Amino acid sequence: MTGNESGDSVPLRPDPPGGLSGDALASPGATAAPADPMPTATRKTPAGDRPTGDPAGRGERTTDRAGADKAAVADTGAADKTAVADTGATVTGGDEADPFASFAPAPEPVPTRAGRVARAAGRVLAHEWALAIVGSLALAVLMTWPTLRYPRYTLPQDYWDPSLQAWQMAWSGHALLTNPAVLWQSNAFFPERWSFAFSDTLLGYAPAGMIGTGPEVAVLRYNIMFVLAHALATFGAYVLARQLGAGKIGAAVAGVSYTYAPWLLAQAGHLHVVSNGGIPLALAMLARGHGWSLRHGYRPERRQANWAFLGWLVAAWQLSLGFGIGLPFAYILGGIALVATVTWFLRRWVVRPVKHPFGIRLLAADLVGGLVFAGVGALMAVPYFKVAELHPQAERTLGDIALFSPPAAGFLTAPGESRIWGDLHEGARATLPWHTEMTLLPGYVLYALALGGLFFSVWRLRHRLLLLAGVVVTMVLAMGTEFIGGRFTYAPLFEHLPGWNGLRTPGRLMLWTTLLLGLLAAGAVSAFAARVREISAQRIPSWPSPWLRLATLLPLLLVTVEGLNRTPHPVVPVQPAAMRTVDGPLLVLPSGQNQDQPVMLWSTTHFQDIVNGGSGFTPTLLDDVRRVTIAFPDLTSVEYLRTLGVRNVLVMRDQVAGTPWEISIDAPTDGLGITREEIGDVVVFRL
């Protein structure tokens, strides 16, 4: 057979004339004859013929066939030389690559360093947690808009409390950079001591306060942290719901409803209330570290001590932002730790004893992390105990709590900042004496989803009942003294828990109600999404219809829409030029709670000592200053201010209309030993 008649091995044919014998190939002095012009695959030589010049009487292969055989044997090590001969390859010197290599797969390219970095970055960015972070940030920008439209000149809701909190961040950063020893002795409320503890401090934001100086930077910093606080709250609640066992869409519902509940729109001017994302994030980390979820229970093989320790650190950071929402969080963590300790004891000694039910590393992480958390709380509490000792009038009473206790109707009433319900609930708000702290609607959509979660959910029945019990308890506590006078609910906490009497707004406990309602809703939405996946698996092809896919997103869309705001963003009063040039200690007139908070913001250029200040209470000394200086400049007020150490008094000409200073600002100062100077719209009296 010839090489073209079969695809298998081909027997050797007689060598054509003019070729070299096998002996010649092995001979070092052999010389190749001219190549046969006829292709081997098409030329046939009769078996009985003998070519001329073959003295041995045997056929020899042509040079090109011998070269092809030699190349094929060298490259592939194949024993069958005939198959190679049929390729017609020619060798004129040296070996030639196998022509069939052209049909082989392309070699895998070796990635460059930049390529490896790009691939790693792509894997990170495509991870669920990275997508959750990006989504939380984007949603925060949109849902708080127009906060970042003019971030250097406007503040959300009003410019009173936000000015105070912008000053707090600026002061903490300035003090820690220059002289940490004076952190609690701020430049405001001169000459009071421990003045930084007159309200929640937002101390955890001190690193941000180290960047830049001046009022515009302080306002910009506040707005950025305001948006980031919303993003962290969404991400934290999402992570908590996922750790407990909810699906992605259910967790997203929990995150959005927790952050953008309508009642929180009334707290837009209170950054220390909006900054609550550390609560669910710390709980998620602690649950992950202990290998526990609501859906699957305790799984020892999933314990990770590092996550537990990080959870304690996040909890400590959350506490450093303020006791307003941090103190209830601390007591809840204490309760969880107590339950965990009892569980450990039972598992170790009573119920099916095991040697190390929680693991030595995890136990050490809890002990060290718990000590860090308790240490931060203790260090933060010392200045507040000092303030309570120096200012007894700052102590709250149950009568003060009653002023801010919302009735049951508040749970169905939205604040005016709600774009969806604000106008519709205007009449209901009119019946509330302090609607900013009494409009506590978490969202009608959230109520409906949570109600559905009681009957259809991925959570077990006992867990749903526990979540429902938590909702009821927190709502009762949020009512303060409105629920049967608080005698068996809020009053015992107020009287017996250390620090609880410093909380004057029980309605902010609605934060926990919202979180628990969100977890109930997440269970319902997760169960619905799982049912959609089951239905889609039964379809041919296995893919849900567009209407089913849209239905799984509808709860998320509804809770997002219900959180839309129409929060005002007023322009912050411009810093007078005198505040940049006049040294302290100084007093700015007119003085009052709302007037003094922007003054604190203006002082962030040089942080000169100022008598002015705004906080949760008014110190007796500042109250005396405001009363004595009504007739300023007169001998009594000048002498009184001199005894305090005040060197300059700034009277704002554009704010004195309708006040006693409208006339006295231009009164003669003869015999007082002071001088008057005009700097812009400010009259500076140098004492």
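At what angle do helix H19 (residues 461–478) and H21 pack, and how far apart are their axes? They pack at about 160 degrees, with the axes 8 Å apart; axes are lines fitted to C-alpha atoms over the stretch in contact, and angles run from 0 to 180 degrees between N-to-C directions. H19 is therefore roughly antiparallel to H21, a term for angles over 145 degrees.

This is a predicted model, in which local features need pLDDT of at least 70 and side-chain atom pairs count only at pLDDT 80 or more, while totals for chains, interfaces and linings use all residues. Residues are numbered from 1 along each chain as its sequence is written, and side-chain values use heavy atoms, with hydrogens and water left out.

Select next the facing residues: in H19 these include Leu-467, Leu-468 and Val-471, which meet residues of H21, among them Leu-516 and Leu-520 (contact: heavy atoms within 4.5 Å).

Proceed to the largest nonpolar core, of 135 residues (buried Ala, Val, Leu, Ile, Met, Phe, Trp, Tyr and Cys joined through side-chain atoms within 4.5 Å; buried means under 20% relative accessible area, with a 1.4 Å probe and protein chains only). Its largest share, twelve residues, comes from H21 (residues 510–537). Phe-632, Val-649, Leu-650 and Val-651 have the most contacts inside this core. Centre on Val-649, whose partners include Leu-587, Phe-632 and Phe-685, residues up to four places away in sequence not being counted.

Finally, display H11 (residues 278–289) and H12 (residues 305–320), whose axes come within 7 Å and cross at roughly 160 degrees. These helices are therefore roughly antiparallel to each other.

Notes: Helices (H or I, at least four residues) and strands (E, at least two) are DSSP runs, numbered from the N terminus. Angles under 35 degrees count as roughly parallel, over 145 as roughly antiparallel, 65 to 115 as roughly perpendicular and the rest as oblique. Buried means under 20% relative accessible area, exposed over 50%, partly exposed in between (1.4 Å probe, protein chains only).
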